[in-house]
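The stops below can be selected one after another.

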Amino acid sequence: MQFFVPPDWFDLMADGTDRAATRARCEELVRLTYPNTPAERREEFTNGLLYCYDRFLADGALMYGVITAPLPSTGAQAVWQVYGGVVAVPQRPDEMDLGEMIAQVFDQQFAEKMAYVDNFPTDMGLGFGFISQPPVLAPRDGDGDPGSGMRTGLAGVLSCPPDGGKGLLVIGTCLDPDQVRELAGLVAVIAGHSVFVSRSSE
């Protein structure tokens, strides 16, 4: 897989299964992002990233990137996570409504339906994208019980060859649901320009 990502992309999967190297890179990211935060709190942030790394590694994710930077458009702080992996795709996906199929899968996971689904051309051939602002339960501080509801931003793109077989699914989440369109733009660029490569062309 040849991912198309920004040059300063921070990918937690870059060190593969070398967890010590991954932890060191996460510690550096947290230190640079939150230089004035107490060390104990920074360690909690690092442990959170490592927890996500372990989950995505176990699930077979090939990419797991983190963005914590001010948005050029508004100056608001972006806290985004983007991950991707290879998924099975039916043969001749151009003859199916994969957008509707994706919508049905995610509609089963959330209380509300997705806001928007679209298809577009990609470097692999076909692209199906969606954005949503699903409600999630945020735990109350201290007791870990479900607390008040909040919304998050969710965007995803499935890119695949016209003859199907396999595709790249890239998903992004953001803490601020109002940033979902900017997040969707990044997800679309990554999925739209990433391609499968054969071993002979690597």
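This is a predicted model: local features need pLDDT of at least 70, side-chain atom pairs count only at pLDDT 80 or more; totals for chains, interfaces and linings use all residues.

Residues are numbered from 1 along each chain as its sequence is written, and side-chain values use heavy atoms, with hydrogens and water left out.

From the N terminus their order is β-α-α-β-β-α-β-β-β-β-β-β-α. Of the 202 residues, 37% count as buried, meaning under 20% relative accessible area with a 1.4 Å probe and protein chains only, where exposed is over 50% and partly exposed lies in between.

Next, select the open sheet, in which seven strands follow the order β1-β2-β3-β9-β8-β5-β4 with antiparallel pairing; two strands count as paired if DSSP finds at least two bridges between them. At the edges stand β1 (10-11) and β4 (116-121), each with a single partner strand, so one side of each has no neighbour in the sheet.

V117 stands opposite F130 of β5. The two strands form a hairpin with four residues between them, and G125 in the turn has a positive phi of about 140°.

Which way do the side chains of β5 point? L126, F128, F130 and S132 point one way, G127, G129 and I131 point the other way, and all are buried. On its other listed pairing, β5 meets β8 (residues 153-160) in the antiparallel sense over seven bridges, and here F130 stands opposite G156.

Now select helix α2, residues 39-58, which packs on the sheet and touches β2 (63-70) and β3 (77-89), its direction making about 150° with that of β2. For that angle, axes are lines fitted to C-alpha atoms, for helices over the stretch in contact, and angles run from 0 to 180 degrees between N-to-C directions. Within α2, pick T46, which is buried at a relative accessible area of 2%. Not counting residues up to four places away in sequence, T46 touches R23, C26, E27 and V30, where contact means heavy atoms within 4.5 Å.

Move on to helix α4, residues 180-193, and select V187, which counts as buried at 1% relative accessibility. Leaving aside neighbours within four places in sequence, its contacts are V82, A155, G156, V157, V170, I171 and G172. For a distance across the chain, show V5 as well: its C-alpha atom and that of V187 are separated by 9.4 Å, although the two residues are 182 apart along the chain.

Finish by selecting R55, F56, D59, A61 and Y83, the closest to the centre of the second largest pocket among the 14 residues that line it. A pocket here is an open set of points on a 1 Å grid over the protein atoms alone where a 1.4 Å probe fits, with protein on both sides within 12 Å along at least five of seven lines, and lining residues have an atom within 4 Å of a point. The largest share of the lining, five residues, comes from β3.
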